[in-house]
Structures are given as structure tokens and as C-alpha cells.
Amino acid sequence: MPIDGISRRSVLAAGAVTAAVTATAAVAAPAAQAAQKALAAPALPDGVSQDKVLVVGMDGLRHDRIDAANAPHLKSLMANGTYGLSLLYGQPMAATSSGPGWSTVATGVWPDKHGVKDNSFAGKDYTAYPGFLARLAQVRPELSTYAAVDWKPLDDQGTIAGADAKLVLHGDRDGYPGHDATIANETESVLRAQNPDVLFVYLGNTDAVAHSSGTGQRYLDAIAVQDGYLGRFLAAIKARPSYAAERWTIIVTTDHGHANAGGHGGNSIEERRTFVLAQGPGIAAGARPADTRLVDVAATVYRQLGIVPDPAWRLDGKPVQERSTDPFDTLQSSLSARVDETGIPAGVLGFTRTPPSGWSVINSAMGTGGVTEWRGWSFATDEFWSRTQRDQSRELNVRSRGVFAVADSDEWSDKAFSGAYDTTLVTPAYSVGGKATVKLDFTTFYRQEGSQSAQVLASFNGGAPALVKSYTSDVISQPQSLTVNVPAGASSVSFRFRYTGSNDWYWVIDGVKVSAS
């Protein structure tokens, strides 16, 4: 439907123009690329919401390099907003590349759902799992939405489908410094002169510089330039005549990290680094949550717009201001450095063998010796556990958050040991008096090998544990829901997770919840 003489969906594409840019010498485009025409910002329909969201995507931005950069606006958002760090998946789930990364940001689900495993986008399922702009066009079509990108596949493949107006440039062909500057200019114009409700703005030069020069000084210079663009966006928002009546949320994120020498796609910690930085109504200032993941961007957009996701969307994300109630996360402050592990930096505090209050670990049948960190059920972070041995699929533990429980017979056996690996994690007792059934929900990541076993058992009123479920094949980071009948006269139940093996693989448990009905 035309609005004020314009189409509801308008696109200003690359090819007709290339943007002028003023940038530091370290990241500027060649002079021949700088003699260019100006663009008029795409025209948007008039916005209708006082709740507004700006998502800025900075490609390949390693969060651990921001401190060293001249980036006052990013650092101000960190001080005044919520800043959650996390790690991506790895192969074989997906490459640490832009296609999977931005699809994860946009859809709010992991690659095993949205289907994008590399930059070919082969297998994508944006029909079942659309990006948040497309989802908003479905559920809140009256909102005015805008997208500006210079990595063209984001438009070609439909990642930013649904935007009312789009600025699409071709950074791979023309260079990212100039096109990033154009995106900054036109986004600033849109923010000052028009009335958008939701914006997704992509800046690509950090990634381009890292590929060509690594993550040294030129990379820091590129971060500084993009931070300047962010500052202009924030100033434009505050200069809006209607700003006092508006409720703005700012989200900054990235799609993947980079190796120190430049490059990504593999499973190293540096390539897997991501972050979500958010400031806005209801979002805590100065918070550093340990349970944030990249899938949380879309869920945060919905929350800030007052949209309650339909369970049928099957989102993996949650709003950044929503804290975990997982008992394992209470252990965060008591995590320790490595003991026997050699591949984990000494400064990474990421494990304990002490369970949360009310929980226990039975190791009476455990063998002796082995790697201290993994002698029976332990509690660890992704940063710690996935460093133990790269490329053994520990990178795929995507649906665990913060601290999780792990039994790892493979790592335990990397030091001299005798006997079997046999360990049982026991929950507290939960009241079930007068109830017909009790439900156990948790997330699990299990890799099967040889004669190892993984069993979930239930004990009512402290009696003999009875088998509820046995795992005999791989389960790659999936939610589980088990319902058990409550015997007549039972007043309490506790659950057990028993894992046995011998130099086999591992079992991860997280997000345990027990409810009776």
C-alpha cells in the first residue's frame, strides 16, 4: 500500500553509487574510491511506536580488543548498559562465519534450526525461523523498519527481509570504508529526519581490516571509526524533537571473532568470541551477565517492543535483562583456575567440583587418579571446558548458559588413572505430596561412545532410584522434558544423573527445573 506516495517497501541498492568517506588513514579507502556521489536516505513510513530499537552489527568485532581501542561510545554503553560475553558454536554445527552468525542474531535460534552453516546459506530455513525484521512485518506490520548493510548477502539471502526501507551496498566489490561511511551518513539522516521504530545497521570494515591485517593497530583504528559512527547515531537519537517521549533501546553485537593474525571460520576461542551489549528501558546499568548468548538479540528486540514471542517460534534466545534461575549459575563466584589441564590459560576461572547448595555428587565408584578437574561431575563454563581439547565437538554446547554440570571421561583419562569412570549427580528433594506427576526439564549435550552409559533416575521418599531415561546415542545440546508418575503416598522426589565410561566422551546437564502437577 503506498504511503505518502512511496512504497511500503523501498530499497536503495548498491551499484548506482558509491559513498564518499572521510576516515583515518589507517582504514580509509583509496582516493579513487572516495570521489563519489551523495545518497538520499531511503524514505520510511512514519513510525507508530514510542518504544524504539536500534541494532548495530559490527562484523568480526573481538570484544577483547575494545578496551585497547579509542571507543568511548562503546565503553559508555558498557558502563550504562548490560554487556554479556559468550562463545559461538563451531564445526560441525556451523562455521564461525558471517552467514551463520548474522542468521543467529536475526532469527534468535542456533544454526541447527535456522540451517545456515556457512556463507553459502545452503539449507537456510527463514520460512520457519525468519529474522526479526521479517517477524515484525508479520506480527506488527504497522511498525516502521529500516535496514542498512554493505555485506550484500544479508539482503540477497533474506536475512534482513521484511524491512520497510533498505540501503544495500556492495562492500566486497567496492570496499567497506566508503560504504560504512555512507551507511553512517544515511542512518544518521534517517534518525534525525524520519521516524523509524526499528533499525538494523551493519558495519563491515572491522572484519575486512582483520582479514587483511589481523587484530593489531589497524584493527583498533577500524574499531575507533565504527565507534565514531555509533556516537553519531546516539547523538542523532538524542537530537530528535520527540526524544523525550520516546523509549530507545540500543543493541550492539557481532557475528564472530577473529584469529589474532586475522581470519575466522574455525573453532578457536578467538574466532568464537561474540558479545551482546544493550542499553534501554529495564536493562540494568553496568551488568555483566554470564548467561547471555548471541541468540538473545532477537528476543531482546521483541521484549523492548512489548511483543511476547509465540512458543511456536521456538526461540532459543531470551531478553538480555532476564537472568537465569539455574542453580549451577550460583557457582559463578566460586570458580577456580586450572589444576592439571595444560591448554587453559591460568587466568581463566571456570571450574569447580563443589555442587550447588542442596545438590550432591556421588563418586564412591569412581576410579583413582586422572585429571583433577574432571574427576566425577564438575561444574564449568564454556570458556573453560571447550578449551580442554579443540575440535571434539565441545564447541556445540550452545544451549547451556553460564555454569553447567559436566562429566567428561575423555578428559579425565588424559592423566594416569585406574578403575572406571562412574559418577552420579543428585538433585535436592522436591515436594510432590498430593501430585499425580512430576516433570523434569533440563538441557543436555551427550556424546555416545563404546560401553559408556548415561541414565536419569528418580528416587521417591529417599527410596531406591528407578530408571527414567537412558541415553544411547548423541544428543547435541537439546532441551529435555521427562514426566514421571508420582507413586501413591510419595511426598518427595530427587533425580539422579549417572554417567559411566572409560576414556569415552562426555555428558553435560544444565537448566534443571522440577515441577509437579
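User: In which loop does P92 lie?

Analyst: P92 lies in the loop between β3 and α3, where helices (H or I, at least four residues) and strands (E, at least two) are DSSP runs, numbered from the N terminus. The peptide bond that leads from Q91 into P92 is cis, with omega near 10°. This is a predicted model, in which local features need pLDDT of at least 70 and side-chain atom pairs count only at pLDDT 80 or more, while totals for chains, interfaces and linings use all residues. Residues are numbered from 1 along each chain as its sequence is written, and side-chain values use heavy atoms, with hydrogens and water left out.

User: What makes α8 and α10 roughly parallel to each other?

Analyst: Helix α8, residues 176-193, packs against α10 at an angle of about 10°, with the axes 8 Å apart. Axes are lines fitted to C-alpha atoms, for helices over the stretch in contact, and angles run from 0 to 180 degrees between N-to-C directions. Angles under 35 degrees count as roughly parallel, over 145 as roughly antiparallel, 65 to 115 as roughly perpendicular and the rest as oblique, and α8 and α10 are therefore roughly parallel to each other. On the α8 side the residues that meet α10 are P177, D180, A181, A184, N185, T187, E188, L191 and R192, and they face Q226, Y229, R232, F233, A235, A236 and I237 of α10, where contact means heavy atoms within 4.5 Å. By class, the residues of this contact divide into 9 nonpolar, 3 polar and 4 charged, with Ala, Val, Leu, Ile, Met, Phe, Trp, Tyr, Cys and Pro counted as nonpolar, Asp, Glu, Lys and Arg as charged, and the others, Gly among them, as polar.

User: At what angle do α9 and α10 pack, and how far apart are their axes?

Analyst: Helix α9, residues 205-213, and helix α10, residues 217-238, pack at an angle of about 175°, and their axes are 9 Å apart. That angle makes α9 roughly antiparallel to α10. The residues that make the contact are N205, T206, V209, A210, S212 and S213 of α9, together with R218, Y219, A222, I223 and Q226 of α10. Sorted by class, the contact of α9 with α10 has 5 nonpolar, 5 polar and 1 charged residues.

User: How do you know that α5 and α12 are roughly parallel to each other?

Analyst: Helix α5, residues 132-139, and α12 pack at an angle of about 30°, with their axes 11 Å apart, and α5 and α12 are therefore roughly parallel to each other. From α5 the contact takes F132, R135 and L136, and from α12 it takes A298, V301 and Y302. The residues of this contact divide into 5 nonpolar, no polar and 1 charged.

User: What makes a space in this model a cavity or a pocket?

Analyst: On a 1 Å grid over the protein atoms alone, a cavity is a set of points where a 1.4 Å probe fits but cannot get out, whereas a pocket is an open set with protein on both sides within 12 Å along at least five of seven lines, and lining residues have an atom within 4 Å of a point. The structure holds 3 cavities of 30 Å³ or more, where grid points are joined across faces, edges and corners and a volume is the space filled by probe spheres set on the points. The largest cavity holds about 70 Å³ of space, and its lining is made of W102, V105, A106, G131, F132, L133, T159, I160 and F200. The lining of the largest cavity divides into 7 nonpolar, 2 polar and no charged residues.

User: How much space lies in the largest pocket?

Analyst: About 960 Å³ of space lies in the largest pocket. Of the 36 residues that line it, D316, G317, K318, R401 and K513 are the closest to its centre. Elements α12, β17, β20 and β22 each supply at least two residues of this lining, and the largest share, 4 residues, comes from β20. The lining of the largest pocket divides into 12 nonpolar, 9 polar and 15 charged residues.

User: Which element gives the most to the lining of the second largest pocket?

Analyst: The element is β3, which gives 3 residues to that lining. The second largest pocket has a volume of about 460 Å³, and of its 21 lining residues the closest to its centre are L85, S86, A290, T381 and E383. Its lining divides into 7 nonpolar, 8 polar and 6 charged residues.
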